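Let's take a friendly walk through this structure, one part at a time. Have the viewer open as you read.

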Amino acid sequence: MNSDKKVISVRNLTKKFGSFTANDDLSFDVYQGEIFGFLGANGAGKTTAMKILCGLSYPTSGEIMVAGLDVYKQREELKRNIGYMSQKFSLYEDLTVFENIRFYAGIYGMSLKDIKLKSDDLLKKLDLVHARNKRIGELPLGWKQKLAFSVAIFHNPEIVFLDEPTGGVDPVTRRQFWDLIYEASRNGITVFVTTHYMDEAEYCNRVSIMVDGRIEALDTPEGLKNKFEAKDMDEVFLRLARKSNYKE
Amino acid sequence: MRTIKFILQKEFLQIFRNKSMLPVIFVMPIIQLCVLVFAATYEMKNTNLFVVDKDLSSHSRELISKFNGSPFFTVKDIDFSINNAEDELLKDDVDAILVFENGFGKLVDKKEPAEVQVLVNAIDASAAGLYNAYILSVIQEYNLQLKAKLQIVGKDNGIHLVQNTYSFLFNPEMKYIPYMLPGILVLLVTVIGLFLSAMNVVREKEIGTIEQINVTPIKKYQFLIGKLIPFLVIGFFELGVGLLLAAFVFKIPILGSVWLIYLVAFVYLLTILGIGLLISTQTDTQQQAMFIAWFFMIIFIMMSGLFTPTDSMPMWGQKLNYLNPVAYFIKIIRMIMLKGSGFMDVAKELSILGVYAVAILGIAVNRYRKVA
């Protein structure tokens, strides 16, 4: 499931807001089909970095290629090849499940016929056929999150960026959500995910941990646990995060 | 094109699904049109007059009877002293006081200039102007009759001519609604267009969907066109309803071409919606957008010539009005509806609006940032 093909390549990424440095000289690679965990305390600079990778924000400096495209010059092409699920809920509450799918798939250029076929399959898989014509606002949060993820990868992007996708969701739904992530990864979609849940970090192929805008550690969960002589990711995280100057 | 189609589909679904906005969009303008056209009137009826007659001559009484006979005046009281009259004025029970000094009649008999003092309650300046004009015209008419009686008896023609002019001027019931309705129509189309568009993009910012849009390959102009067209359609619909009401309920003859009105409305709405979208892209909350839209709305309307003639504004105000799209449209729609002006007659104003529309939409597209 992992390959040697780099889909994200970041060299010396720096982002400053005035005198505040949100991302300080980040360098890392993400390989095709990988589930890449992007961890860090609140305010560590995860979302900032992710927005730069998605073409939503300009970096101050650094060389960044995503899906083989330059985030400075090929921003719009890049957007065709990625999916994104933001922290804020991103589907339209006043539209139905199908209308949301049709809208997002439509603006990615899919034909109406493909949209219909694929959405039928999707709803069957999610066991949401009965909710096809229900408004998003009427659905429980867990269903909404699963749908939002499915919509984000509906146009078959190379990479999907997930910004704390399981916030506020119950453990069972979180587990189901991760099943969806695994499935996407098996289908060759690279998953770039930020999270606060350390058990979720264990599900990732590789994990980077950010502290105060820098990447302090980057390895497989096993590698990190060995290196820090920790029994689980929780402990790894606490050891690193304790070095932070930033207190909430 | 396909992208725009999908945006339009989504926008229309959202508009028609918003149960609290539907009546605002489709019913309120009609109610407002009916209420405003009938209520916001400059018509003069029942002006209460207090007469202070210190003269008590046949001449003063004759003039008073002219006021009594007029449908616009009610002579509330006649007294010798000004004190009571001033009390009534302070209580707002009378609108104007007419004072005949002692000796008025004698001066008239001697064919010398005789004076009548007119005191008008000017709290409401525009109403005061009307009272004054009405009172003067009654006095003028009396004056002419007096002249005829005293000097030029037998030459009826002159008198007749003047009286004709008089009845034309003071027949406002015929002239009032056609004058106000086109302007109010412009107002309604503007309010709906400006507010809906100003609130729209910023609403997506508030609920967070804008970020999802910005991460798609959607083009800025596609997004804004998709936002623009639904409001254009709503604006056209409202204009249509308003014109139908004008023609069949208010019975105003629309002298010019309805197509020309729509052509102008198209260019005008592009300008207004452009302003709204620009506000929307530059604000972060619906509250901010609302206040900024309101700020422009008030200035545009008060300076538009709807309530006060633009010609009597100070020069800087008239210059400022070159930037007021509402003023152009009110002027053009009145010309088309009331005078039957054609395309060439309104071409100058229309082309200014056109330049305005292109400029403001250009700025709006430019200022909408997909990247922070």
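## Nonpolar cores

A nonpolar core here is a set of buried Ala, Val, Leu, Ile, Met, Phe, Trp, Tyr and Cys residues joined through C-beta atoms within 7 Å. A residue is buried if 20 or more other C-beta atoms lie within 10 Å of its own, exposed if 12 or fewer, and partly exposed in between, with C-beta atoms placed from the backbone. This is a predicted model, in which local features need pLDDT of at least 70 and side-chain atom pairs count only at pLDDT 80 or more, while totals for chains, interfaces and linings use all residues. Residues are numbered from 1 along each chain as its sequence is written, and chains are lettered from A and ligands numbered from 1 in the order in which they are written.

The largest nonpolar core has 136 residues, and those with the most contacts inside it include A:Leu53, A:Phe161 and B:Ile333. Helix 9 of chain B (residues 172–207) gives the most to this core, with 16 residues. A second, separate core of 19 residues includes B:Val51, B:Phe67, B:Ala96 and B:Phe100.

## Domains and sheet of chain B

Chain B is divided into domain 1 (2–40 + 175–367) and domain 2 (47–170), with bounds from an automatic or database domain assignment. Their C-alpha centres lie 46 Å apart.

Helices (H or I, at least four residues) and strands (E, at least two) are DSSP runs, numbered from the N terminus, and two strands pair if DSSP finds at least two bridges between them. In chain B, four strands form an open sheet in the order 2-1-3-4, with mixed pairing. Strand 2 (73–79) and strand 4 (116–120) of chain B each have a single partner strand, so one side of each is left without a neighbour in the sheet. Strand 3 (residues 96–100) of chain B pairs with strand 4 of chain B in the antiparallel sense over five bridges, and B:Ala96 stands opposite B:Val120 in strand 4.

## Where the chains meet

How many residues of chain A are in contact with chain B? There are 22, and they meet 19 residues of chain B; contact means that C-beta atoms, placed from the backbone, lie within 7 Å. On the chain A side, helix 3 of chain A supplies the largest share, four residues.

By class, that side has ten nonpolar, six polar and six charged residues. Ala, Val, Leu, Ile, Met, Phe, Trp, Tyr, Cys and Pro count as nonpolar, Asp, Glu, Lys and Arg as charged, and the others, Gly among them, as polar.

Notes:
Contact = placed C-beta atoms within 7 Å.
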